[in-house]
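The sequence and the structure are shown first, and the description follows.

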Amino acid sequence: MAHLNYVRTHRKSWALSQRDLSLLLGRRSRGGISDLEAGRYRPSLKVVLMCQMLFDTACAELFPELHAEFEDALMRQAAALDRKIAQRSDPASNRKRELLALLADRLGNRGGA
């Protein structure tokens with residue numbers, strides 16, 4: 001399955017060749033950049049963060065499908081934690097609920113889950 005990304009768009013806007021980007025990302029060959037841009041492989045965390053830093057562009061903009069996948073997973077896990085602490089009223093559980101509410105608000109305001 002191809003993974004939508006906008007690495008090529010950003011690379012070209014800075015007049016970088018695939019070889020240039022390969023060098024910047026510490027890749028062995030430009031072929032890996034071609035595969036990345038075509039969405040033929042899921043980038044590692046290192047590649048995602050380096051692209052984010054290089055292009056000063058958020059992960060959500062560079063790798064929207066990957067970001068959405070991780071956001072969905074986080075929200076599912078947050079719901080599981082919320083269910084786990086639902087009947088608790090201790091200070092730690094209250095603090096966790098506060099974090100979960102902030103997370104839901106933050107992601108909800110961006111059009112997330």
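Which residues does Leu25 touch, leaving aside those up to four places away in sequence?

## Contacts of Leu25

In this predicted model, the contacts of Leu25 are with Ile33, Lys46, Val47, Met50 and Cys51, when residues up to four places away in sequence are not counted.

## Nonpolar cores

The largest nonpolar core comprises 14 residues. Those with the most contacts inside this core are Leu25 together with Val7, Leu21, Cys51, Phe55 and Phe63. At least two core residues come from each of α3 (30-37), α4 (45-55) and α5 (59-62). The greatest contribution is that of α4, which supplies four residues.

Asn5 is situated in the segment before α1. With a relative accessible area of 11%, Asn5 counts as buried, because the cut-off for that term is under 20%.

Polar atoms of the Asn5 side chain lie 2.7 Å from the backbone oxygen of Leu36 and 3.3 Å from the backbone oxygen of His3. Not counting residues up to four places away in sequence, Asn5 touches Leu36, Glu37, Gly39, Leu62, Phe63 and Pro64. Of these, Phe63 is also listed among the residues with the most contacts inside the largest nonpolar core.

## Confidence of the prediction

The protein chain has a mean pLDDT of 92, and 95% of its residues reach 70 or more. Confidence is highest in helix α1 (residues 7-13), at 97, and lowest in α3, at a mean of 89.

Key:
Residues are numbered from 1 along each chain as its sequence is written. This is a predicted model: local features need pLDDT of at least 70, side-chain atom pairs count only at pLDDT 80 or more; totals for chains, interfaces and linings use all residues. Side-chain values use heavy atoms; hydrogens and water are left out. A nonpolar core is a set of buried Ala, Val, Leu, Ile, Met, Phe, Trp, Tyr and Cys residues joined through side-chain atoms within 4.5 Å. Buried means under 20% relative accessible area, exposed over 50%, partly exposed in between (1.4 Å probe, protein chains only). Contact means heavy atoms within 4.5 Å. pLDDT is the predictor's confidence in each residue, from 0 to 100. A polar contact is a pair of N or O atoms within 3.5 Å; within protein, one must be able to donate a hydrogen and the other to accept it, and residues adjacent in sequence count only if both atoms are side-chain atoms.
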